[in-house]
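This report describes the secondary-structure packing and selected backbone features of one model. The sequence and structure are shown first.

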Amino acid sequence: MVQETQIRASNLIFPLFIVEGDNVRSEVGSMPGIYRYSIDNLLREVESCMELGLRAFDLFPNIDETLKDKYATASTKEGGLYLRAIAAVKARFPEACVITDVAMDPYSSDGHDGIVENGEILNDETLVILGRMAVAHAQAGADIVAPSDMMDGRIGYIRNVLDENGFTNVSLMSYTAKYASAFYGPFRDALNSAPKHGDKKTYQMNPANQREALIEAELDSREGADFLMVKPALAYLDIIKSLNDDFDLPIAAYNVSGEYAMIKASAQNGWIDEQRATMEVLTGIRRAGATAILTYHAKEVLANKWL
Ligand code: PBG
């Protein structure tokens, strides 16, 4: 009666890593309890999550190094790992909400989210690739596409291309305020997607900036975003709150890989109480104003009945 903040299963989105192969389930070293799944095991994992009441999944591909190139061409190839995975999940579980990651980095030989030329990112040329990816994901059955690249103008561009191709019902979850963070390390391990040179500071945001997030949110909402996301979550609760105060779109927050790893590592050492720490973190993110929480804790929270 007096508790102001509640979390429900419907607030949670579970990120899942996919890899080529049969019967693969390989744990990510820096993320205990999180695995890369081949498509057969991905379907088993989605099924067990659905039985727990988890409905929304965000898929990320681990792409073989030999398939990577400057223009991420493997991302839109028919029969590619990612497109097959999306289609397989939607075919088996039509009621699952499949969210897809629109970004070049898992497919890029440079490990960047945009085309690199002479050490610089080509923003507008990258939009064309992102548009193609979004359409390919929609054709495969994606319910929501989530551009995580931080190129300027990509929300409007992708919305147009989706609409032109008849995918007016596919939603856009924009990584609106995505910061250049140290907390993405374990994710880049999982996908082997770290930048080969330089960093992402010319397109991801400076952790020192709050007002800039409002500019990004203004642009994304005018361009047609259906969700505004803040990422990472923990060091950015003020950003979640200010977007929630100033905008009427639903706010998503990404409780990222490094945030997960911190809890797991200290729990494994017996330094903190894992259940309490996990629920405190998720409650804080929800309290700040996020109604969609992308978190690697999603399944364990439900499996252990921590809600
Ligand atoms: C890249 C992308 C990243 C994450 C999601 N999409 C990493 C990056 O920007 O380098 C990180 C998620 C996490 O750390 O859990 N398109």
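## Helices α3 and α4

α3 passes α4 in a right-handed crossing; a crossing is right-handed if the near helix is turned clockwise from the far one by less than a right angle, and left-handed if anticlockwise. The model is a predicted one, in which local features need pLDDT of at least 70 and side-chain atom pairs count only at pLDDT 80 or more, while totals for chains, interfaces and linings use all residues. Residues are numbered from 1 along each chain as its sequence is written. Helices (H or I, at least four residues) and strands (E, at least two) are DSSP runs, numbered from the N terminus.

Helix α3 covers residues 123-140, and its axis lies 9 Å from that of α4 at an angle of about 45°. Axes here are lines fitted to C-alpha atoms, for helices over the stretch in contact, and angles run from 0 to 180 degrees between N-to-C directions. The two helices are therefore oblique to each other; angles under 35 degrees count as roughly parallel, over 145 as roughly antiparallel, 65 to 115 as roughly perpendicular and the rest as oblique. From α3, L127, L130, G131, A134, V135 and A138 meet R154, Y157, I158, V161 and L162 of α4, where contact requires C-beta atoms, placed from the backbone, to lie within 7 Å.

## Strand β8 and its neighbours

Helix α4 (residues 154-164) also belongs to a right-handed β-α-β unit with β8 and β9. A crossover is right-handed if, with the strands pointing away from the viewer, the path from the first strand over the helix to the second runs clockwise. β8 and β9 pair in the parallel sense over 2 bridges, two strands being paired if DSSP finds at least two bridges between them. Within this pairing, I144 stands opposite S171 in β9.

β8 is also parallel to β5, to which 4 bridges join it, with V102 opposite P147. In β8 (residues 144-147), I144 and A146 point one way, V145 and P147 point the other way, and all are buried. A residue is buried if 20 or more other C-beta atoms lie within 10 Å of its own, exposed if 12 or fewer, and partly exposed in between, with C-beta atoms placed from the backbone.

Strand β4 (residues 56-62) has 7 of its 7 residues buried. A56, D58, F60 and N62 lie on one side, and F57, L59 and P61 on the other. Strand β1 (residues 12-19) runs parallel to β4 and is joined to it by 7 bridges; I13 has A56 as its bridge partner. β4 also pairs in the parallel sense with β5 (residues 97-102) over 4 bridges, and F57 stands opposite V98.

β4, α2 (residues 81-92) and β5 form a right-handed β-α-β unit. Helix α1 (residues 39-51) packs against α2 at an angle of about 40°, with the axes 10 Å apart. That angle makes α1 oblique to α2, and their crossing is right-handed. The contact involves I39, L42, L43 and V46 of α1 with R84, A85, A88, V89 and R92 of α2.

In α7 (residues 237-246), the residues I239, I240, S242 and L243 are buried. Their cover includes β9 (171-178), α6 (211-223), β10 (227-231), β11 (251-255) and α9 (274-288). The axes of α7 and α9 come within 8 Å and cross at roughly 30°, and these helices are therefore roughly parallel to each other. L237, I240 and K241 of α7 meet G284, I285 and A288 of α9.

The loop between β10 and α7 contains A233, which is buried, with 26 other C-beta atoms within 10 Å. Not counting residues up to four places away in sequence, A233 touches I240, A253, Y254, N255, E259 and I285. P232 has its place in that loop between β10 and α7, and the K231 to P232 peptide bond is cis, with omega near -10°.

## Positive phi values

Most residues other than glycine have a negative phi, and most peptide bonds are trans. N192, in the loop between α5 (185-191) and α6, has a positive phi near 55° and is partly exposed, with 15 other C-beta atoms within 10 Å. K305, in the segment after α10 (298-303), also has a phi near 55°. K305 is exposed, with 7 other C-beta atoms within 10 Å.

Methods:
Contact = placed C-beta atoms within 7 Å.
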